[in-house]
Structures are given as C-alpha cells and as structure tokens.
Amino acid sequence: MSNVVMLTRIRLARNLRKYPFPCRLNTDGKNKVVETVVGAIKNSNSPLADDFDVLYVKDLSEAQRISLVEAHLASPEFISDSAGRAIVLSKDREMSIMINEEDHIRLQILKKGFDLEGAYDVADKLDTLLDENLDFAFDEKLGYLTQCPTNLGTGMRASVMLHLPALQKSRAVSRIAGNLQKLGLTIRGTYGEGSEPEGAMYQLSNQVTLGISEKAAIDNLKNITTQLVNQELSAQKRIAESVRTQDKVLRSLGILRSAKLISCDEAMTLLSNVRFGINAGLLEDIDINTIDKLIFDIQPATMIVNKQESLTAEQRDILRAEYIGKVLKK
Amino acid sequence: MKCQKCGKNNADTHIKRVINGAFEEYHLCSECAREMGYSNVFEGFSHSFADDFNSLFGSFFENALPARTQATRCETCGAGYNDITRTGMMGCADCYKVFADQIMPTVRRVHGNTTHCGKNSAAAKKQAAEPKKEETVSELDKLKAELNKAIENQEFERAAELRDKIREQEGQ
Ligand SMILES: [Zn+2]
Ligand SMILES: [Zn+2]
C-alpha cells in the first residue's frame, strides 16, 4: 500500500490579519512578515521551535532554489521571486513553512508513505501553536482568508504522490482524471508534463477548500487513493506475468547498474521500471527505499547542490550514472 | 501570445515550473493547460479568460455578476476592484468584506459553497467567547420609541417636540 503511495503532504495557507496579502505588500512589509512569523515560531511551544533553519531566497543560488522544489519543499512560484521570501525548515525537513509565497504562510508537512491523518495531525498542532502568537485572518463564514479565493475555508491542500506505472501503461490515468474532478480532486504529473509524466509519478490532491472540513476532505482523498492503489496493484499483477514486462524490468536494472552516462529523464523511467518490479515481486534483493532515495538524489539541481560545484549537463549525466551504479551494485 | 505547447491557440494560462533542473515560465492555452492538469478549477469558464492576465488564477472574477453595491476601492490595502479582477488576487482580509457582493458568485462557482466548515482560528474562538456587548440603543432609536409612545398617549405637544429633535438628529 505505502509502496504505491510514495509521499503524503499537507499544506495549510494562513495570513496575518495585520498585513495586506503578499501581492499588495512591498519588500519592507514582506520582511516584517518574515520577522513576525520567524519570531512566532521561536516563541511557540512546538517541536519546530528550537531546531529549524531559515533560508532567505535572496541568499540562495539558483541550484539551491531549484533543489528545494525538487525536494517538494518549495513551489516553483515561491522561487520565482526572491524579495522578502524565506522558508523555515525543520532539520529533518518534515515540517516547512514558506513565507510570502502566495499567502503569508504556507505550512507544510511532508511524510514518507501514506499517512494523511498523521501528517494532518502534525500540521494541525503546529498551526494551533502558531495561531497563539499570530493573529490569523479568519472569518466565521469564509474561514481562513487567503490571497486567492480558491484556497478559502480550510486553506488546506492534502496530497499524495503516487507511483502508477501499470495504470499509466494501460492509459487509464487520463480516463480516471476526468472522474476525479467530479469528486473534488485533481491529479497531475509530479515530474514532467502531459498524460505520461516521467517515472509514472502523479500527485493527487483535494481541490475544494470551502464548505468541506479538513477531516471530510482527507477522508475523501484517502478513499479515492485507496481505490486507485487497488486498481494499480491489480493492473501490476496482470502485466507482471508477461515475459516482456519481466524483460523490461531486468534490462532497466541492467542499464542502471552499468551505464556510463544517464540523463535524469532516462534514469527516472528506468527507476520507475525497477520500482514497479520490486512492487510486483519480480525483484527481491533491492530495497524500495533505496530506489526512492535515488529518485530524489538524481534530480539535476539536487545533484549540483550535493556536489557543491556547478556542473555541465554531461558532467551531471556522468556523475549520475556513477552514483546510481554504485548504489545499485550487486 | 501563442500557446507554447500547441502553437495554435492564444495562451491564457501562465505556469511556473521546474523541469530538468531549470526554472521555467510557460504560457499555455486553456486546452493544453487542462490536458496537463493545470486548470481543473476553471473547467467550464476557462474560455472567457482574458489574454494578458499574469497568473494561473487571473481573471478569476471575469464572470462575476454585476454587483449591487459597487465598492471601488478597499481602504485598508488600496486595492481596487479592477486590481482584483486583473490579478485574481485579493489585496487583504478586508477586501473580502469590501468586495463581497462582487466576488461571492465566483466563490460559490469554484467551491460550490460559500460557508466554511472545519477548523476555527483561535482568534475567532476568542472573539466568539467574549461576551457580546449590549447593543447600545442609539439616541435616535430612543427618541423614536418615545415619539411612538407620545402619539399613542395623544400627547401631541410632546410628540411635536420629539419630532423636531429627531429631525435635528437625522439631519446631522
Ligand atoms: Zn495549446
Ligand atoms: Zn484590501
């Protein structure tokens, strides 16, 4: 179950009543919001209080900014502008707070596997502790007031990152997507675009935030996710019986183990095949967590940040091949 | 500007993304955006999107009904109704009150609902917990009540006096 669901994420949008929303706030105002929020975190009685990093976007290199997006900690929108923006991260990166993205506060909890209730519980507690020190913009009727009305109400986006290689192969995802929308959910590729995203990784999230409680939204997402996971697993079982599929999985592992040059796209596709092979019981001596860590580590900007020097595309492809080969060595 | 995916339709959706280690801004037509999973919220009214809005949620209010009260500017943040329709962004918490009539039809359209259900901010709880202040009966209301009583009791001299006082107050 948790193998199809790779990550669970809860995001809460909050704003300070005293300040205009970021779109009508100049850099000075934004800096004050950063100061206020960081101060509130320090004074809060939360696990985040004594153990966090604050990164100011203006101080980060391009690669560092992008690697935050690759690690699912920041949004592309957040790094598109550096003035008055900062991100607060717990040491383990499970908790993070983007300050002055679309809202003053975008609080995020990121957990491995499928754990919507657990992630919400942490988010809810952190939010409550911050609320004690910050006066949030809230209206009895409209709920949490957000810069964009699409987030009004709970201000909550719950999402799961799913690995759906078998459903993607049978072209079922786009068919499912239309129905999901009627259920107030949306699905899109995590890496890459279109109906067949890189590595068959998809993000499924709730869309409606007003008039539905956090619990109801999470239950809904959980139900649909469970159904999708079951569909994926039965599709996996079906295609795993074919010799062609088995051949593809083993060849993918072979290339990953012995390539000299490998692009991120190619690596993602092959890692997805291997991940599928592990899930479907075709490969037994590889830990799925090793594959998941690789998927994260081989992202281009993350590689540059880890290497701490700038790299050309070819240097990256060499390094990526070396790294994957070493990790997957027999 | 033409859509960067199909190159045919006009681009009306602006997307920021990270692909292959690089940050990209991307202009798409509503069809391609939908295909790529970017515009679900706007299903059904994406075709009336203006050409030049600069965010995914821009022209969010394009189809809002004409408002009964035409507030033009929020005094707290200075945002005009035009700013809000152009960017799809509210300027501050008070904008929701100032432009309520204009935006509520769109909020209902997007969420299918206009009443929050779920967690309450502590600030809101505190407000709710505070004992409601006695409705202060205005001087004017007091005078009007006295006037009615006077008329009832046929104290016309007194009534005339009160009527003058009321006129005086209302004139202020
Ligand atoms: Zn197009
Ligand atoms: Zn305002």
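Predicted model: local features only at pLDDT ≥ 70, side-chain atom pairs only at ≥ 80, totals over all residues.
I started with the contact (heavy atoms within 4.5 Å), which takes 59 residues from chain A and 45 residues from chain B. Residues are numbered from 1 along each chain as its sequence is written, chains are lettered from A in the order in which they are written, and side-chain values use heavy atoms, with hydrogens and water left out.

Next I looked up the buried area (accessible area, 1.4 Å probe, that two parts lose on being put together, summed over both). Chains A and B bury about 4300 Å² between them, with 58% of it on carbon and sulfur atoms.

Then I checked salt bridges (a side-chain nitrogen of Lys or Arg within 4 Å of a carboxyl oxygen of Asp or Glu). The rule finds three across this interface; Asp127(A) and Lys119(B) meet in a salt bridge at 2.6 Å, N to O.

On to the sheet in chain A. Its strands (DSSP runs of E, at least two residues) number eight, in the order β2-β3-β4-β5-β1-β8-β10-β9, open and with antiparallel pairing (at least two DSSP bridges between two strands). I noted β2 (52–56) and β9 of chain A at the edges, each with a single partner strand, so one side of each has no neighbour in the sheet.

Last, I followed β1 (residues 5–14) of chain A, which seven bridges join to the antiparallel β8 (residues 156–163) of chain A. Here I found Leu12(A) opposite Met156(A) in β8(A).

Methods:
Helix = DSSP H or I, 4+ residues; strand = E, 2+ residues; numbered from the N terminus.
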